Amino acid sequence: MKRLTLSKVARANLRVNRKAYISLFLGILTAVFLATATSLCAWGTVRGHEEQMAERVGWMDMFILGGDGGTDEQLRECGFFREIGHVTVNATVGDTQVCAGYYDETAERLMNRTLSAGRMPEKAGEIAAERSALFRAGQGGAEVGDTLTLTMNPIRGIAEERMFTLVGILNEQSEYLDTYNEEAGMRLPAMLVSPEETYTVGSAVVHRVLTYAPLITFNQVERKIPDLIGLAYGVSRENGSMVLYDSGWDRANNTLSRIMIWGVLGAALMLSACVGITSAMESLLARKTQDIGMLRAIGATRRQIRRIYGTEAWLLTATALPAGILAGMLAAWIVSRIAPDQVVFEMNLWLLIPILGLSALCVFAASRVPLHRASRQMPMGVLRDTGLLRRAGKIRSRKTFTASGLIAGRKTMLHPLRQLGAAGMTALTLICTLMLGELALGLRTGGGNEQCAFLLYGPGTVMQDEPFSQVIGENEAGVRADLKQLNGIEGVKETRSITWIRANLIMSEVPEYLRSVKYDRKMADGSVVMNRVGPLDEMWAGGDWMFYSDEELADARARKDEDWENAYNVQCADQLSLVQAKLGITDRIVPVSVFVADLDTDGLDGFVTDGAINPEKLDSGEQVLLYAPTLCVRNEEDALAITKWADPRDDLESEWDSVIRNDAFTAGMQLDLMEMTGEMADYDFLYGSEDVEEVEAMGARADWAGYYRPMETVNAKTTVGAVLSGSVILNEYYMGNFCVITTVRGAEALGLKLPIQEYIEVFLDGNPTQAEEEEIGEQVSQIALRNEMAMENHLQARRNYMARKQRQMLLFAGLILLFFAVAVFMQVSGTARQIRADTKTIGTLRAVGANLKTLVGCYRLPVWICAATGLVPGLLFYAVTRIPGLRLFSENHPLIMIPVMILLACCVAMACTAGIRGRLAQVTRQSIVDNIREL
């Protein structure tokens with residue numbers, strides 16, 4: 001006789017008891033399937049994000065402008081970089097900052113330039129360009145095949161007029177990588193030419209694009225080799241743009257957050273699969289009680305018992321692996337088809353490691369408990385099933401005898417954990433239902449408010465590091481003419497804009513309400529950081545200089561070299577004196593912002609704390625609105641909590657350490673506004689000179705009197721019509737600091753000069769067709785590019801949003817059906833095993849008169865307990881996500897989802913009951929005698 005081994009015993013058990021192992025096999029198959037699907041989906045989410053970013057900024061991690069820094073050999077030898085490509089810029093176009101150039105082979109791959117039409121240039125005289133670059137070059141209407149005449153300015157050369165054939169339209173990339181370097185050629189090219197394109201006089205600037213070695217970040221490069229990188233900029237792989245800061249921790253956290261949903265979902269599914277395997281294993285071992293007793297009686301050790309039946313589980317695992325992996329791959333592929341912009345299907349051999357590891361861990365953890373429980377029994381104890389007798393000993397007799405109820409209750413007491421797998425799947429069904437409801441309600445309520453079709457935003461006022469004046473661009477009149485043209489386009493309902501003006505309030509005394517308050521913020525490391533809180537914009541060093549007495553100013557002058565804040569306060573105080581001298585006044589001058597907007601006055605009524613809004617008086621300039629927020633401060637251990645939108649009528653003292661309320665500005669108060677403006681030429685005089693010494697002198701503001709002298713001033717007297725506070729929003733723009741608000745007509749009536757609009761919202765009339773929208777969008781895009789403004793197509797963004805949400809809804813609907821089916825299957829199959837084991841008992845009950853309804857009652861109670869057990873995590877998830885700090889859904893989360901989840905849990909229980917009824921009906925088709933003598 002051949003040697004009998006434990007593996008042979010295990011294989012013999014599998015052959016003889018095939019039906020008994022089906023449930024265990026299905027549980028293991030489910031675990032392998034889930035491990036495969038979640039691993040592939042998580043990896044596909046990471047790859048999907050990388051593909052999106054590669055379409056925007058290519059595959060590079062960093063780029064170096066110009067030839068400063070180390071050589072290529074030095075950069076390679078330092079060990080921080082894997083690949084280095086070269087981008088050559090040999091000219092700029094006309095009087096723009098648009099650069100033209102070409103790539104070497106490595107840079108071409110790393111830049112990953114894509115085309116919306118045409119092809120790349122292959123020979124001299126051909127050019128491919130971004131649409132925005134064509135607009136800036138005055139060729140906005142050019143199409144592939146057109147001939148362009150461009151004035152090319154070679155780097156350090158002589159301008160030449162060249163004719164090019166436009167062979168391709170590049171997708172936008174340079175705007176995401178723009179460093180705003182004004183030096184000729186010091187930008188990545190927005191137009192591509194052939195390397196054969198040369199110029200009579202001139203040179204070229206060579207930029208380098210690089211990829212990091214593993215685990216390297218831009219921060220490490222800057223810290224370790226600053227002398228080798230020159231003028232370097234990082235490229236964020238998270239948001240697809242140029243960055244000056246790139247943390248490995250941030251990168252890892254963002255990656256984890258993207259795959260978190262798959263991790264949580266996979267963990268929950270794997271846990272349910274583990275419970276299913278445990279339940280099937282316990283049921284199988286319960287049928288093997290006598291076999292285990294015999295093996296223990298003839299000398300089998302506990303370890304051998306675990307190996308025999310554990311080997312069976314591993315043999316089933318090996319059998320289930322191919323089918324489970326293929327099914328998981330199919331599921332991941334389906335998910336990638338449903339959400340192609342979020343998940344990319346890609347099978348990588350390295351992914352077999354987590355798949356096999358998770359599958360093995362699931363089978364090991366799930367089978368460990370039942371195997372240990374079975375192996376711990378003594379031989380005679382196993383044969384007598386003392387464990388079952390101990391549990392049965394807790395059951396007491398009842399005075400009233402209802403057979404079905406008592407049998408069901410005792411089954412539940414004897415095997416309390418048998419239904420946990422189905423309960424877990426029921427809980428996942430309810431949680432996915434809650435998410436589906438949130439998505440559906442979000443789509444329904446998301447379009448309730450009127451939203452703009454296109455949004456243009458641009459430079460607005462040219463910023464300066466002084467508080468009293470503003471520089472108005474030369475193309476301001478052109479923007480307003482284009483805005484009138486925009487209003488005249490057929491299909492455009494209206495446009496709403498918001499313009500920011502830097503102006504000044506002339507006051508006899510600056511009220512204390514406007515003084516910034518200093519608070520110390522204690523950090524976790526014990527250090528103390530000073531934090532300012534005040535109604536005015538904090539960029540003016542808190543505005544301390546507005547409150548200086550002569551003694552305080554003298555003290556600040558004496559200490560101006562100690563820190564930048566004293567130096568800046570002294571500079572602002574000196575500038576204040578110069579402005580007062582220019583105006584011939586001694587009154588105080590307070591810098592304020594004036595927001596000029598197309599107002600929805602009805603929407604502002606709820607924020608009025610004093611006075612009333614009169615639209616006619618606003619348009620005539622007779623009145624303005626004043627936003628005077630109430631600031632609340634709370635000192636905490638490691639942070640400073642601030643809100644600037646509290647309603648001053650609320651009782652805030654009990655909740656906040658300090659409250660700054662408006663006690664100086666009231667309705668009916670007279671305001672003396674002063675606007676001081678200069679032309680773009682003045683700005684160029686200060687910052688556009690090529691004389692280094694002159695730039696440094698002007699940067700230090702050596703001649704502020706000469707700067708202010710040519711500026712024009714506008715004085716406007718008006719009245720405060722209403723004072724506002726709270727969370728005021730003007731055309732989707734949050735008010736955060738003390739400011740004056742008026743309309744375009746009101747500003748014009750006051751004589752204020754208006755710079756370029758900060759925001760322009762375009763609303764369309766009705767529901768335009770796709771062709772009409774594209775035509776209007778093209779005209780809006782031309783206006784935006786002509787005035788160097790960015791444009792957002794909100795209609796397309798909303799369509800993309802709706803499509804993404806619909807795909808998510810489809811995904812959750814599929815998950816609900818899957819979890820529902822698995823919960824019912826686990827419950828019915830588990831009960832079917834009990835029914836097969838209880839066939840003799842069923843025959844006895846039938847012999848004493850039990851009908852099908854009574855028999856169903858014997859198995860119904862565990863089903864409903866299972867549904868109730870699954871309902872509890874669903875309701876807890878709903879309750880936890882209603883907590884503001886843990887809220888997953890910000891807009892909806894209605895109470896209607898509670899009865900929906902309860903109803904669905906009842907549907908699961910009824911479906912399980914129907915399945916059990918069908919199984920019992922099969923048994924009752926046999927005769928009572930066959931049931932009783934069933935082995």
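**Briefing on a predicted chain**

At 45% relative accessibility, Arg109 counts as partly exposed. This residue belongs to a predicted model, in which the chain averages a pLDDT of 78 and 79% of the residues score at least 70. The chain has 935 residues, of which 47% count as buried, and it contains 30 helices and 29 strands.

**Overall picture**
- Among contacts between residues at least 6 apart in sequence, 80% join residues that are at least 24 apart.

**Confidence**
- Residues 391-395 have a pLDDT under 50 throughout, and the model shows eight contacts for them beyond four places in sequence.
- The pLDDT is also below 50 over residues 680-702, a stretch for which the model has 23 contacts beyond near neighbours in sequence.

**Strand 3 and its partners**
- Strand 3, which covers residues 99-103, is mostly covered, with four of its five residues buried.
- Strand 2 (residues 81-93) pairs with strand 3 in the antiparallel sense over five bridges, and Thr88 stands opposite Tyr102 of strand 3.
- Five residues lie between the strands in the hairpin of strand 2 and strand 3, where Gly94 takes a positive phi near 55 degrees.
- Strand 3 is also joined by two bridges to strand 8 (residues 191-193), and these two strands run parallel, with Ala100 opposite Met191 in strand 8.

**Salt bridges**
- A search of the whole structure finds 19 salt bridges, and one of them is formed by the side chains of Arg109 and Glu83, at 2.5 Å from N to O.
- Because Arg109 lies in helix 4 (residues 105-111) and Glu83 in strand 2, this pair ties together parts that are 26 residues apart in sequence; Glu83, at 23% relative accessibility, counts as partly exposed.
- Arg131 forms a salt bridge with Glu143, with the closest N and O atoms 3.4 Å apart.
- Since Arg131 lies in helix 5 (residues 131-136) and Glu143 in the loop between helix 5 and strand 6 (147-154), the pair ties together parts that are 12 residues apart in sequence; Glu143 is partly exposed, with a relative accessible area of 43%.
- Asp555 and Arg559 meet through their side chains in a salt bridge of 3.0 Å, N to O, and Asp555 counts as partly exposed at 38% relative accessibility, while Arg559 is partly exposed at 29%.
- A network of salt bridges links Arg47, Glu50, Glu51 and Glu346.

**Nonpolar surface**
- Leu330, Trp333 and Ile334 make a nonpolar surface patch of about 290 Å², and Leu330 lies in helix 10 (residues 302-338).

Technical notes:
Residues are numbered from 1 along each chain as its sequence is written. Side-chain values use heavy atoms; hydrogens and water are left out. Patches are made of residues with over 30% relative accessible area and no salt bridge: like charges are joined within 9 Å, nonpolar side chains (Val, Leu, Ile, Met, Phe, Trp, Tyr) within 5 Å. Accessible areas come from the Shrake-Rupley method with a 1.4 Å probe; for residues, only the protein chains shown count as cover. A salt bridge is a side-chain nitrogen of Lys or Arg within 4 Å of a carboxyl oxygen of Asp or Glu. pLDDT is the predictor's confidence in each residue, from 0 to 100. Contact means heavy atoms within 4.5 Å. Buried means under 20% relative accessible area, exposed over 50%, partly exposed in between (1.4 Å probe, protein chains only). Two strands pair if DSSP finds at least two bridges between them.
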